[in-house]
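Please keep the sequence and the structure in view while reading.

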Amino acid sequence: MSASTAYIPWTQKYRPRSLSEVIGNEEAKRKILEWIRSWDRGIPEKRALFIYGPPGIGKTVTVEALANDLNMELIESDASSYRTEEAVRRLAGRASQFGSIFGRKKLILFDELDGITGSADAGGLREITEVIKTTRVPIILIANDAFEPRFASLRNLCLLIEFKKPSKVEVARHLAKICAREGIDAEEAALKFIAERSGGDVRSAINDLQALAQGKSKLTYEDVSWLASRDRKEEIFNVLRMILYARDASAAKAAINMADVDLDMLLEWIYENIPYHIKNPHELAAAMDALSKADIYRGRIKETQDWSLIRYVIDLMTAGVASSWSRKSSGWVPFKFPERIKMASTSKEERDLLSEIGRRIGRKCHLSSSRAIKEVLPYLRIIFQNNPKMGKGIARWLDLNDEMIAYISGKE
């Protein structure tokens, strides 16, 4: 595998190119195909389709695969591009009335309709409604919940199609195919466990698989079982990505609402991951400064029980971190699971080894063992994995044995 392809997200690398590759929802796919083909006989009664269902289960990729199968020109946009009446007209007004200059049939997709929020965006929804009434090409809308009150007018004009979560067996089977193509010998129990933890979110399951298995030749149940301690509703990797790579402060802060982990744990996720993404030392220092201030306010809340300070914690750990750097990372950088979560389910032998590593780091850095593990070890991992020569020198300075070096390097 070349360096250019080594860090491609597997959600992109194995993105379905055809309807037959989309996992589950066979009846929904059949209805979509039936509706799109009805346009060959003239404009149908319902000129738009409204696909809805939980995130990560293949709604968008189904539409893209459909367009690819039928060689249609897909005009695709998400909520950030059609918030106003003018924006909708610019995107779809003319396109909805005329054929493609390439001689292909058109398909217009309004994705992430849930992203339209507040009265300022109402003009965009109204204009979408007007475009649907007169469109001469198929239009598809996508949202997590089609039955929100603000979508009432749109629903009346659309054929509603629900997407449901695929079964654990379907997800595990898909993960097995990916492992086979990546040359990974994966235990069936491990894949079933990842599938079950994903709750039917295929994108989440693939992200988990890549984080746990990439670079390995074998994936065992023991490699994934510690995930049982992870508490999340929305895929935490997506939440981290929304915070770190947010377009603006409000987008970074909005990500908090999608994370079903407490703020203490989310801060841990952010703290451990930003060194992998922010390579510029000055930007990293600024991000760490924002995070440290969030931690100070968090401490004050615990001491005083003054929960009015929580807004400063949220602002600093989201918007503060996001605005501290240029949001440019070389290639795709996978997110890491915080070691503190992993530690909770490690064996006694591993805990003893980790404690001894913490003590040796602490002696040299004048820190407690727990602080050394929490604050210094994540950086040592980066050094040991990316600069073995420097790691070797640090290992001598800390008086680490071969077992400790292997543990920090992730080679055991």
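Two strands are said to pair if DSSP finds at least two bridges between them. The model discussed here is a predicted one. In it, strand β1 (residues 48–52) is joined to strand β5 (residues 158–162) by 5 bridges, and the two run parallel. Within this pairing, I51 is the residue opposite I161 in β5. Strand β4 (residues 139–143) is likewise joined to β1 by 5 bridges, and these strands also run parallel.

Strands of a sheet pair through backbone hydrogen bonds, in either a parallel or an antiparallel manner. In this model, the order β2-β3-β4-β1-β5 describes an open sheet of 5 strands with parallel pairing. Its edge strands are β2 (73–77) and β5, each of which pairs on one side only. From one strand to the next, the twist averages 20°. Helix α3 (residues 26–38) packs on this sheet, where it touches β1, β3 (106–110), β4 and β5. The direction of α3 makes about 160° with that of β5.

How many of the residues of β1 are buried? The count is 5 of 5, and the strand is mostly covered. In a regular strand, side chains alternate between the two faces of the sheet. In β1, A48, F50 and Y52 point one way, while L49 and I51 point the other way, and all are buried.

Next comes a pair of helices. Two packed helices are described by the angle between their axes and the distance between the axes. For helix α9 (residues 188–198) and helix α10 (residues 202–213), the axes come within 8 Å and cross at roughly 135°. Angles over 145 degrees count as roughly antiparallel and those of 65 to 115 as roughly perpendicular; α9 and α10 are therefore oblique to each other. Their crossing is right-handed. On the α9 side, the residues in contact are L191, I194 and S198, and they meet S204, A205, D208, L209 and L212 in α10. Sorted by class, this contact comprises 5 nonpolar, 2 polar and 1 charged residues.

Is A252 buried or exposed? Its relative accessibility is 0%, so A252 counts as buried. Beyond its neighbours within four places in sequence, A252 is in contact with M242, I243, A246, T318, A319 and A322. Between A252 and V239, the C-alpha to C-alpha distance is 9.0 Å, and the two are 13 residues apart in sequence.

Some totals for the protein chain complete the account. Its secondary structure comes to 21 helices and 7 strands. The chain has 412 residues, of which 49% count as buried. Among its contacts with a separation of 6 or more, 75% are between residues 24 or more positions apart.

Technical notes
Residues numbered from 1 in each chain as written. Predicted model: local features only at pLDDT ≥ 70, side-chain atom pairs only at ≥ 80, totals over all residues. Heavy atoms only, no water. Axes fitted to C-alpha atoms, helices over the stretch in contact; angles between N-to-C directions. Helix = DSSP H or I, 4+ residues; strand = E, 2+ residues; numbered from the N terminus. Parallel < 35°, antiparallel > 145°, perpendicular 65-115°, else oblique. Left-handed = near helix turned anticlockwise from the far one by under 90°. Contact = heavy atoms within 4.5 Å. Nonpolar A, V, L, I, M, F, W, Y, C, P; charged D, E, K, R; others polar. Buried < 20%, exposed > 50% of the residue type's maximum accessible area, 1.4 Å probe, protein only.
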